[in-house]
Amino acid sequence: MEKLERGVRGSHQGSDNPFYHKVTLSGFQRIRGLILGSFLFPVRIVLVSLFFLLMWPLARLRLAGLSAEDRARPVTGWRRWFFHPGVWLLSRAVFFSLGFVWVRVKGRRADLVEAPVLVVAPHSTFLDMLVLCTTQLPTVVSRSENTSLPVIGALLEFNQSVLVSRSDPDSRKKAVAQLTERITSNGYWPQMLMFPEGTTTNGSALIKFKPGAFLCGVPVQPVLLRYPNKLDTVRWSYKGTTWLEALWHTSSQLYTNITVEFLPVYKPSPEERNDPILYADNVQKLMAKALGIPATDYVMQGGVPVQKVGGLSLPIPSPGREALALLRKAGLGASEVEAALGRMVDRCRSGSSFLVGAEELAAIFGLSDGRTAASVCGLYSKEKVVDPRQIYLNVAALSGLVNIKPLLHTAFDLYDGEGTGSLSAEELSDLMGALLGLRQHHTAQLYAEASSGGRLSRDDLVRTFTSHPTYQKVASDHLQPGQAACQSLVNSNGNLLNGNKKVI
């Protein structure tokens with residue numbers, strides 16, 4: 001069980017998960033932070049609020065009185081030279097107040113003609129915005145929802161930012177068109193600054209770059225951010241330290257160091273100009289090498305961190321791991337989990353409704369506490385009911401209790417609803433979503449490689465997952481990590497359970 005606990009914890013944190021960061025404090029650091037923070041935090045927040053309030057009217061006045069047509073052009077003349085220095089100075093004052101007294105700059109920032117786009121990584125915190133002061137407030141890309149925020153909305157208007165709504169496909173198309181127009185304007189628009197990772201991480205690796213900054217095939221200048229401090233307080237990622245905790249811990253330090261390094265301008269090759277994804281990947285690898293960290297295929301998809309493998313999206317961490325952790329916390333051992341999985345697959349085969357609620361789920365797992373069952377249900381569905389096939393296949397795959405071949409046989413039977421002996425492309429997509437714990441949208445490649453004669457049989461599915469290098473890796477590294485990562489379950493008698501067999 002101890003091995004299982006280590007494996008479950010590892011799925012949430014550690015250097016292999018760039019989406020988790022937690023500030024770890026010693027007893028002395030905690031006491032020191034409380035003493036300094038009780039004075040520094042309120043003083044700094046008051047100063048930051050004051051400077052933001054001073055910026056607000058300046059930011060609004062810059063475009064005041066301009067028509068929509070004029071606002072669609074870059075601000076020039078007195079509106080630029082009068083308002084721009086003031087907002088820049090107040091922006092720097094905000095970060096100075098938070099303890100960023102010094103900013104160490106390495107290298108030379110390229111001018112607009114040399115590099116229309118600055119690409120900054122790693123993106124670790126909202127405090128990364130300090131790089132805007134170092135680069136003289138270039139234009140940025142932001143979510144359109146941010147325009148409704150006090151002060152921030154005014155600053156985005158001042159910046160003439162490119163706005164995009166993550167929920168509106170048409171908004172994305174307009175943003176791409178706007179980006180293309182500005183980046184290829186030959187100096188008409190100011191330099192742009194973009195965080196190609198698109199979300200914050202703990203800085204232990206670079207996640208896959210989005211192609212937006214590289215669509216036009218123009219030269220870019222990579223910019224590296226480092227926070228060389230004894231205590232890493234600034235980072236704020238998907239899980240772990242909250243933004244408020246990061247703000248408290250950072251404000252509780254006497255000062256915080258940051259280094260901004262400008263790398264040489266990257267000029268794309270003809271192949272890279274024609275392939276934005278190749279261009280983005282090569283710049284990512286270059287920046288990762290300079291930082292001394294790995295370049296990964298991790299991305300944020302639909303608000304969930306995933307790893308992309310062969311068109312499949314592997315969630316980080318898998319809900320199956322989190323479900324096993326919840327069951328372990330509720331007191332279930334390996335034998336109880338194995339028995340529960342048996343009851344669940346029987347329920348799936350019963351032919352009754354494919355949806356179960358928390359109450360029935362609690363009965364299947366043998367849980368007296370319905371809250372644990374509700375939590376497990378919530379890992380797989382936003383509704384109060386869930387398809388038990390999703391829970392069974394994902395938990396069974398990650399528990400180490402069922403070998404991959406019989407599990408694939410079971411999965412095939414559960415999704416071959418009409419008993420035709422073959423799966424459609426949509427049924428395969430649903431099956432893979434259940435196995436991996438996340439809905440899959442791009443399984444066409446898998447279906448084409450696995451099917452024969454336009455039909456996908458049980459043997460075709462098993463053959464592909466046990467012989468194709470990409471999907472074999474998915475099966476061994478993600479679907480059956482118990483053996484590879486020493487996370488197999490141990491029953492109450494001390495026997496190792498693997499593939500429904502006892503291995504002494």
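Strands S10 and S11 form a hairpin with 2 residues between them, and Gly302 in the turn has a positive phi of about 60 degrees. Strands (E, at least two residues) and helices (H or I, at least four) are DSSP runs numbered from the N terminus. The structure is a predicted model, in which local features need pLDDT of at least 70, side-chain atom pairs count only at pLDDT 80 or more, and totals for chains, interfaces and linings use all residues. Residues are numbered from 1 along each chain as its sequence is written, and side-chain values use heavy atoms, with hydrogens and water left out.

S10 (residues 298-301) pairs with S11 (residues 304-309) in the antiparallel sense over 4 bridges; two strands are taken to pair if DSSP finds at least two bridges between them. Val299 has Val306 of S11 as its bridge partner. Val306 also stands opposite Pro315 in S12. S11 and S12 (residues 312-315) are likewise antiparallel, over 4 bridges, and form a hairpin with 2 residues between them, where Gly310 in the turn has a positive phi of about 55 degrees.

An open sheet of mixed pairing is formed by 5 strands in the order S2-S9-S7-S3-S6. S2 (103-106) and S6 (192-194) stand at the edges with a single partner strand each, so one side of each is left without a neighbour in the sheet. Neighbouring strands of this sheet are turned by 20 degrees against each other on average, direction ignored. Within the sheet, S7 and S9 (residues 258-262) pair in the antiparallel sense over 4 bridges, and Val223 has Phe262 of S9 as its bridge partner. Helix H10 (residues 276-291) lies across S3 (117-121) and S7, at about 35 degrees to S7. Axes are lines fitted to C-alpha atoms, for helices over the stretch in contact, and angles run from 0 to 180 degrees between N-to-C directions.

Helices H16 (residues 404-415) and H19 (residues 458-467) pack at an angle of about 140 degrees, with their axes 10 Å apart. The contact (heavy atoms within 4.5 Å) is made by Lys405, Leu408, His409, Phe412 and Asp413 of H16 and by Arg458, Asp459, Leu461, Val462, Phe465 and Thr466 of H19.

The mean pLDDT (the predictor's confidence in each residue, from 0 to 100) of the protein is 87, and 91% of its residues reach 70 or more. Confidence is highest in S7 (residues 220-226), at a mean of 98, and lowest in S17 (residues 501-503), at 36. Over residues 1-15 pLDDT stays under 50, and the model has 27 contacts beyond four places in sequence for this stretch.
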